[in-house]
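Here is a short briefing on one chain. Please look over the sequence and the fold before reading the points below.

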Amino acid sequence: MTGQAHSGSVVGGNTQVHWYESVNRFSQHTAWLHTPGRLYAEYGVAIFAILLLVSWWRARATGDLRLVTAALWAPVGALIAIGLNQPLGNLVAEPRPYTVLPHALVLVPRTTDFSFPSDHAVMAGAAAAGVLLVHRGLGLVTLALAVLMAATRVYVGAHFPVDVVAGLLLGALVTVVTYLVVRPLVLRLVEALAKTRLRVLLTHSA
């Protein structure tokens with residue numbers, strides 16, 4: 001398996017292709033990991049949705065509206081990051097690894113969209129950053145799962161390594177930067193809503 005002749009349009013060129021090939025060879029020799037890897041690569045997004053929900057619930061229990069504000073912004077930041085990723089992917093226009101390397105082992109359905117950055121990694125990085133803004137412990141767990149998601153997307157053959165690293169960083173950066181920008185406004189909105197019947201969504205306190 002070699003991508004030397006087709007790696008010009010791949011971010012990182014031949015080095016990136018060689019990294020992918022190394023992971024793909026590992027995947028070929030670890031059939032026992034195929035099913036859990038495929039399931040997590042395809043459906044692990046639901047775990048991050050649950051973690052964002054738990055983050056909001058725990059923030060609500062503290063009665064600290066600053067934490068609630070961060071928890072509520074986390075999924076919004078993730079959606080913004082994914083939205084920004086689409087034009088970036090179209091701009092870079094990096095082909096999927098299995099287009100460059102037709103004989104690569106691919107454990108998930110093949111798609112025709114671009115590979116850089118990885119949507120899954122962007123989502124995971126954004127979720128991890130969002131949860132870290134609220135809870136250190138839960139945030140570190142989410143971060144570990146985000147890194148695992150990134151690695152798994154390469155393992156199943158869907159992305160080159162740099163695609164997922166860039167995705168993690170982009171998702172985290174967008175979530176944190178947008179939160180810092182909107183925090184004063186959103187906090188005031190949350191404080192105002194806490195004085196209405198919607199306060200049950202924001203705090204346990206009466």
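Predicted model: local features only at pLDDT ≥ 70, side-chain atom pairs only at ≥ 80, totals over all residues.

Gly157 follows helix α7 and has a positive phi, near 90°. Most residues other than glycine have a negative phi, and most peptide bonds are trans.

**Backbone**
- A cis peptide bond joins Phe116 and Pro117, with omega at about -15°.
- Pro117 lies in the loop between α5 (97-100) and α6.

**Helix α7**
- Helix α7 covers residues 136-155, 20 residues in total.
- At 1.5 Å a residue, α7 should span 28 Å; its end C-alpha atoms are 28 Å apart, so the two values agree.
- Its buried residues include Leu138, Gly139, Thr142, Ala146 and Met149.
- Arg153, Val154 and Tyr155 are also among the buried residues of α7.
- The buried residues of α7 pack against α1 (13-28), α2 (34-43), α3 (45-62), α6 (119-132) and α8 (161-193).

- The structure holds three aromatic pairs.
- One of them is Phe26 with Tyr155: the ring centres are 6.0 Å apart and the planes lie at 70°, so the pair is edge-to-face.
- This pair links distant parts of the chain, with Phe26 in helix α1 and Tyr155 in helix α7, 129 residues apart.
- Tyr155 has 8%, so it counts as buried.
- Ser27 is also found in helix α1. Ser27 counts as buried because its relative accessibility is 0%.
- Beyond residues up to four places away in sequence, Ser27 touches His34, Leu105, Leu107 and Tyr155.

**Charge over a ring**
- The charged end of Arg60 sits over the ring of Trp57, 4.8 Å from the ring centre.

**Nonpolar cores**
- In soluble globular proteins, nonpolar side chains tend to be buried together.
- The largest nonpolar core has 25 residues. Tyr20, Phe48, Leu101, Ala124, Ala146, Phe160 and Leu168 touch the most other members.
- α1, α3, α6, α7 and α8 each supply at least two residues of this core.
- Which helix gives the largest share of this core? It is α6, with six residues.
- A second, separate core of 13 residues includes Leu65, Val68, Val186 and Leu187.
- Leaving aside neighbours within four places in sequence, Phe160 contacts residues including Val10, Val17, Tyr20, Pro95, Pro97, Val100 and Val154.
- Gln16, Glu94, Arg96 and Ser115 are also among the contacts of Phe160.

How values were computed
Residues numbered from 1 in each chain as written. Heavy atoms only, no water. Helix = DSSP H or I, 4+ residues; strand = E, 2+ residues; numbered from the N terminus. Expected span 1.5 Å × (residues − 1). Buried < 20%, exposed > 50% of the residue type's maximum accessible area, 1.4 Å probe, protein only. Contact = heavy atoms within 4.5 Å. Phe/Tyr/Trp six-rings, centres within 6.5 Å; stacked < 30°, edge-to-face > 60°. Lys NZ or Arg CZ within 6 Å of the ring centre and 35° of its normal. Core = buried A, V, L, I, M, F, W, Y, C linked by side-chain atoms within 4.5 Å.
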